[in-house]
Amino acid sequence: MSQDEANLEARLEGQAAFEPPESFVEQANVSDPGIYDEFEENWPDCWERAADLLSWDEPYDTVLEDDDAPFYEWFTGGELNASYNCLDRHVEDGAKNRAAIKWEGELGETRTYTYGELLNEVEAFAATLRDLGVEEDDVVTLYMPMIPELPIAMLACARIGAPHSVVFAGFSADALATRMNSADSEYLVTCDGYYRRGDALDHIEKANEGLADVDHDVSDVVVVDRLGDALEHSLADNQCDYDELVEANAGASVEPVSRDAEDMLFLMYTSGTTGKPKGVKHTTGGYLAYTAWTSHSVLDIEPEDTYWCSADIGWITGHSYIVYGPLALGTTTVMYEGTPDYPEKDRLWEIVEKNSVDIFYTAPTAIRAFMKWGSQYPEEYDLSSLRLLGTVGEPINPRAWKWYYKHIGDEACPIVDTWWQTETGGMMITTLPGINTMKPGSAGPPLPGIDAQVVDANGDEIGAGEAGYVTVQNPWPGMLRTLYNNDERFISEYWAEYSDEETDEWVYFPEDGAKLDEDGYITILGRVDDVINVSGHRLGTMEIESAVVGVEGVAEAAVVGGDHDVKGEAVYVYAIPEDDYDGDDELQERAVEAVLDSIGPIAKPEDVIFTPELPKTRSGKIMRRLLEDIASGNELGNTSTLRNPDVVDDIAEQVGEN
Ligand code: PRX
């Protein structure tokens with residue numbers, strides 16, 4: 001490191017606050033600080049600003065309907081179609097030849113779809129879905145990796161009013177079956193395989209395994225041929241080739257169906273405290289308005305931009321900020337199929353330079369990996385097209401924030417650290433890049449119109465410097481409407497903790513801990529339920545536990561998250577073998593296999609530790625916090641309240657050895 005660089009590092013190291021660059025502010029979509037008051041004073045009508053970003057077939061009568069809270073409804077009486085808003089209207093406005101999706105495969109092949117071409121593709125696939133018998137309100141499952149056919153299928157579903165349920169391609173066969181069963185989904189679109197680190201991965205075999213466990217008839221399965229000759233596969237009787245079907249419908253014209261604002265646009269399953277994943281329901285009007293509005297105000301997206309979110313569409317970030325938000329605004333959205341280090345660790349920067357990317361949105365775990373690899377990789381490329389950077393998915397440590405600011409943004413791009421969730425549909429707590437001072441490590445204030453407060457266990461607001469829990473005290477258009485077929489769980493999961501049913505005051509509880517500072521900035525501390533965040537992916541420890549206890553030879557298991565310098569958190573399994581079993585390598589391997597089978601490689605345990613006992617309180621509850629501290633290598637607090645304090649040293653010793 002040169003002296004200049006060392007001085008720069010030292011300066012950044014000591015800097016706790018950063019102002020947005022003047023050059024950014026001058027051109028920002030939102031730069032008037034008055035927006036906070038304006039939204040507060042006009043709430044809920046302020047949300048018309050979001051709705052105005054869309055084209056409505058029928059204007060709405062009421063912005064917010066709260067008669068049946070917390071089953072809030074937004075823009076009631078309004079009708080619209082999401083695919084029309086993401087495609088047709090841009091074509092009608094003269095943007096037919098603007099790139100909508102720029103896709104790059106892992107091996108380097110590229111495909112660009114202009115808005116005109118994307119519309120044609122979507123119509124052809126919408127016609128195909130209709131031919132297969134898909135009707136309005138049928139749930140279509142999309143089990144696909146990052147290939148253009150995924151957003152095409154999503155928009156085709158939206159066009160005919162069939163909600164989609166996208167299952168992340170990295171999830172296991174079991175996970176697919178669970179989600180199809182829960183949603184009573186009779187249609188599946190999948191693909192033969194995809195590339196990962198240069199290898200052709202078989203995907204259809206996993207899809208077929210999952211289908212074997214679906215508890216109802218699946219009428220049709222459409223299979224995209226991604227790999228061509230790289231993977232031989234045959235199709236079962238109810239399976240058909242995507243290209244053949246679409247070719248037969250080439251040039252088809254499919255009118256976008258007018259959907260009620262409150263009609264379901266999609267389901268997205270996510271992990272919660274208890275075993276089964278939750279089917280989060282998002283609707284057409286509120287969700288689309290909210291993702292378009294936050295793409296405009298937070299990501300500062302303009303139609304002329306090339307925007308890249310490096311998430312996977314199989315998670316909410318990809319739904320909201322690769323597909324719906326950016327396309328609703330008519331911008332060019334980049335999609336990359338593969339891993340960031342294939343064939344080299346400079347892959348992402350090569351894509352940024354090649355496409356002159358203006359806005360880049362990624363996860364802290366990726367930034368920590370880039371840091372570890374070193375700044376020589378981005379330095380080889382011209383990244384000066386970048387105007388704004390974003391992060392999402394987990395807390396970002398100030399060091400990673402500053403590395404991103406300096407080495408990717410060249411100290412010229414604001415960074416938005418956006419806190420939100422699958423359930424919130426879009427961003428909730430973040431700075432507005434054209435207005436607010438940035439404080440590395442702190443997400444920022446709640447967005448205009450969002451009344452997020454940090455409270456103590458009783459629900460009372462806490463003072464600056466204290467830690468408590470995030471709550472949202474008023475509804476917002478992008479919020480989930482319920483959990484699919486489970487209104488009761490919707491209430492108990494999100495509203496029971498802090499609401500007062502008698503006075504009809506409803507408070508949303510996202511189950512995150514947080515700290516507040518004197519400027520009202522919120523620093524997110526992480527989940528306070530049994531959910532862990534591995535590389536920005538949300539995993540339920542109970543789901544992992546139930547996979548492990550299903551293994552023959554395992555009597556009891558506890559799963560916790562331990563600190564990890566790149567992944568944020570990693571999965572640690574502590575298990576008691578049954579009497580006749582040793583906690584040997586073989587049992588360890590079977591436990592790992594069970595987790596891979598039940599969830600997928602993202603949940604792969606960092607370590608499986610067998611122990612004759614788990615640390616328990618006198619009342620018999622497993623002391624998870626202690627297990628977390630052991631996994632994280634933290635100093636252990638007082639263990640005297642345990643029924644079996646001796647076990648702690650045994651376990652800590654084993655973790656140290658592994
Ligand atoms: O704990 C918070 C964390 O991710 C959780 C939501 O996960 P998921 O529904 O999978 O959505 C991820 C993408 C929106 C939250 O409860 N989280 C998300 N963003 C941040 C974050 N934690 C800290 N800072 C963030 N910016």
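This is a predicted model: local features need pLDDT of at least 70, side-chain atom pairs count only at pLDDT 80 or more; totals for chains, interfaces and linings use all residues.

Looked up charges over rings first. Arg111 puts its charged end over the ring of Trp103, at 5.0 Å from the ring centre. I found another such case at Phe171, where the charged end of Arg179 sits over the ring, 4.5 Å from its centre.

**Aromatic pairs**

How many aromatic pairs does the structure hold? I get 32. Phe39 is buried, because its relative accessibility is 0% and the cut-off for buried is under 20%. Trp47 is buried too, with a relative accessible area of 1%.

Next I took Tyr72 and Trp495, a tilted pair with 50° between the planes and 6.2 Å between the centres. Where in the chain do Tyr72 and Trp495 sit? Tyr72 is in the loop between strand 1 (62–65) and strand 2 (73–76), while Trp495 is in the loop between helix 17 (487–494) and strand 24 (512–516). They are 423 residues apart, so this pair links distant parts of the chain. Tyr72 counts as buried at 8% relative accessibility, and Trp495 is buried at 2%. Both rings belong to a cluster linked by ring pairs, which also takes in Phe71, Trp476, Phe490, Tyr494 and Tyr508.

**Helix 6 against helix 7**

Checked how these two pack. Helix 6 (residues 115–131) meets helix 7 (residues 149–160) at an angle of about 65°, and their axes are 8 Å apart. The crossing is right-handed.

**Helix 14**

Is helix 14 mostly covered or mostly open? Mostly covered: 8 of the 10 residues in helix 14 (residues 364–373) are buried. Among them I noted Pro364, Ile367, Arg368, Phe370 and Met371. What do the buried residues of helix 14 pack against? I listed helix 13 (347–355), strand 18 (359–362), strand 19 (388–392), helix 16 (398–408) and strand 29 (568–577). Just after helix 14 comes Gly374, with a positive phi of about 110°.

Went looking for cis peptide bonds. Trp43 to Pro44 is cis, omega near 0°, and Pro44 lies in the loop between helix 3 (35–41) and helix 4 (48–51). Ala69 to Pro70 is cis as well, with omega near 5°. Pro70 lies in the loop between strand 1 and strand 2, which is the loop that holds Tyr72.

Glu511 has phi near 65° and is found in the loop between helix 17 and strand 24. Glu511 is buried, since 12% relative accessibility falls under 20%. Ser535 has a positive phi of about 50°, in the loop between strand 26 (531–534) and strand 27 (537–540). At 22% relative accessibility, Ser535 counts as partly exposed.

**Annotated span**

Last stop was the record. An unreviewed UniProt entry lists residues 543–621 as "domain: AMP-binding enzyme C-terminal". In the model that span is 27% helix and 32% strand, and its end C-alpha atoms lie 18 Å apart.

Definitions and conventions:
Residues are numbered from 1 along each chain as its sequence is written. Side-chain values use heavy atoms; hydrogens and water are left out. UniProt positions are given in the numbering used here, feature names are shortened, and annotations may be inferred rather than shown by experiment. Helices (H or I, at least four residues) and strands (E, at least two) are DSSP runs, numbered from the N terminus. Rings of Phe, Tyr and Trp (its six-membered ring) pair if their centres lie within 6.5 Å; planes under 30 degrees apart count as stacked, over 60 as edge-to-face and the rest as tilted. Buried means under 20% relative accessible area, exposed over 50%, partly exposed in between (1.4 Å probe, protein chains only). A charge sits over a ring if NZ of Lys or CZ of Arg is within 6 Å of the ring centre and within 35 degrees of the ring normal. Axes are lines fitted to C-alpha atoms, for helices over the stretch in contact, and angles run from 0 to 180 degrees between N-to-C directions. A crossing is left-handed if the near helix is turned anticlockwise from the far one by less than a right angle, and right-handed if clockwise. Contact means heavy atoms within 4.5 Å.
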